[in-house]
Amino acid sequence: MLNVGRACHLAHIRKSPPPPGSAHGAAPVAYVLVPPGATAKTLITEFARYLGIPTTTRMTQTQITDAVCHTYTQAGVQLILIDEIHRLNPRTTTGAQTADLLKDLTERLPTTFVYAGINVTDTPLFSGTRGAQLAGRATLVDCGPLPARHGTRHPFRDVITDIENALDLHHHKPGTLPAHAPYLHQRTAGRIGSLTRLIRQAATTAIHDGTERITKTTLDAVRLDHLAEQHNRPTRNR
């Protein structure tokens, strides 16, 4: 999700670069994490915190919401990424109020909202009156593991190439990681989160040991998340 935000941010900068002499341009992308047990006020406070909008405990939810809508509009926010949306339960009183807040924000802010969560169709997120309103404003995109090949394209290898291009390792040879695409796909089961963690930890190791490059040996030495390790573990024949 963060990579989506980064891509949109960079595309905006290329299309509308900051004026000469200006250190900062518009803020086209905002990222908000739904806190556990979120209420409408705690969620709108997260919106405010992202852009550094000052708030106090004495401020009402309405006051914070007005400040957020004004600042986000002035900043030119075009994309709002809301992560961990599965934490929201519209069946509860606080969850219903939070869902109402999101609905109001979609009507007041001239921007695109993207929600990300785990197994959202299996949660109460889209159930009930409030859930139906949220579902009616969103298109579901199923983000499963990325295939190694899709027709004539190789999407997983393309992602690896993009990640490698962002590395800042002095002795790393470009093209090394894409060459290991089959191994990386098998190792991570095509999960982007596992892939980024694997490469990030390998890069950290390369910096610490002074080699400044990633090899298959470096990748082999990284222990990944439980799901990836379970997938990568050979099945014993009985």
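Residues are numbered from 1 along each chain as its sequence is written. Because the model is predicted, local features need pLDDT of at least 70 and side-chain atom pairs count only at pLDDT 80 or more, whereas totals for chains, interfaces and linings use all residues; side-chain values use heavy atoms, with hydrogens and water left out.

The chain contains 11 helices and 3 strands, taken as DSSP runs (helices H or I, at least four residues; strands E, at least two) and numbered from the N terminus. Their order from the N terminus is α-β-α-α-β-α-β-α-α-α-α-α-α-α. Of the 238 residues, 33% count as buried (under 20% relative accessible area, with a 1.4 Å probe and protein chains only). Among contacts in the chain with a separation of 6 or more, 63% are accounted for by residues 24 or more positions apart, a contact being heavy atoms within 4.5 Å.

The 3 strands form an open sheet with parallel pairing, in the order β1-β2-β3, where two strands pair if DSSP finds at least two bridges between them. β1 (29-33) and β3 (112-115) are the edge strands, each pairing on one side only. From one strand to the next the twist averages 20° (axes are lines fitted to C-alpha atoms, and angles run from 0 to 180 degrees between N-to-C directions). Strand β2 (residues 79-83) is joined to β3 in the parallel sense over 4 bridges. Within this pairing, isoleucine 80 has phenylalanine 113 of β3 as its bridge partner.

Helix α6 (residues 155-165) has Pro155, Phe156, Ile160, Ile163 and Glu164 as its buried residues. These buried residues pack against α7 (176-179), α8 (181-188) and α9 (192-208).

The count of cavities of 30 Å³ or more is 1. A cavity is a set of points on a 1 Å grid over the protein atoms alone where a 1.4 Å probe fits but cannot get out, and lining residues have an atom within 4 Å of a point. Grid points are joined across faces, edges and corners, and the volume is the space filled by probe spheres set on the points. The largest cavity holds about 50 Å³ of space. Its lining consists of Ala99, Leu102, Lys103, Thr106, Tyr115, Arg130, Gln133, Leu134 and Arg137. By class, the lining comprises 4 nonpolar, 2 polar and 3 charged residues (nonpolar: Ala, Val, Leu, Ile, Met, Phe, Trp, Tyr, Cys and Pro; charged: Asp, Glu, Lys and Arg; polar: the others, Gly among them).

How values were computed
1 Å grid on protein atoms, 1.4 Å probe; cavity = no way out; pocket = protein on both sides within 12 Å on 5 of 7 lines; lining within 4 Å. Buried < 20%, exposed > 50% of the residue type's maximum accessible area, 1.4 Å probe, protein only.
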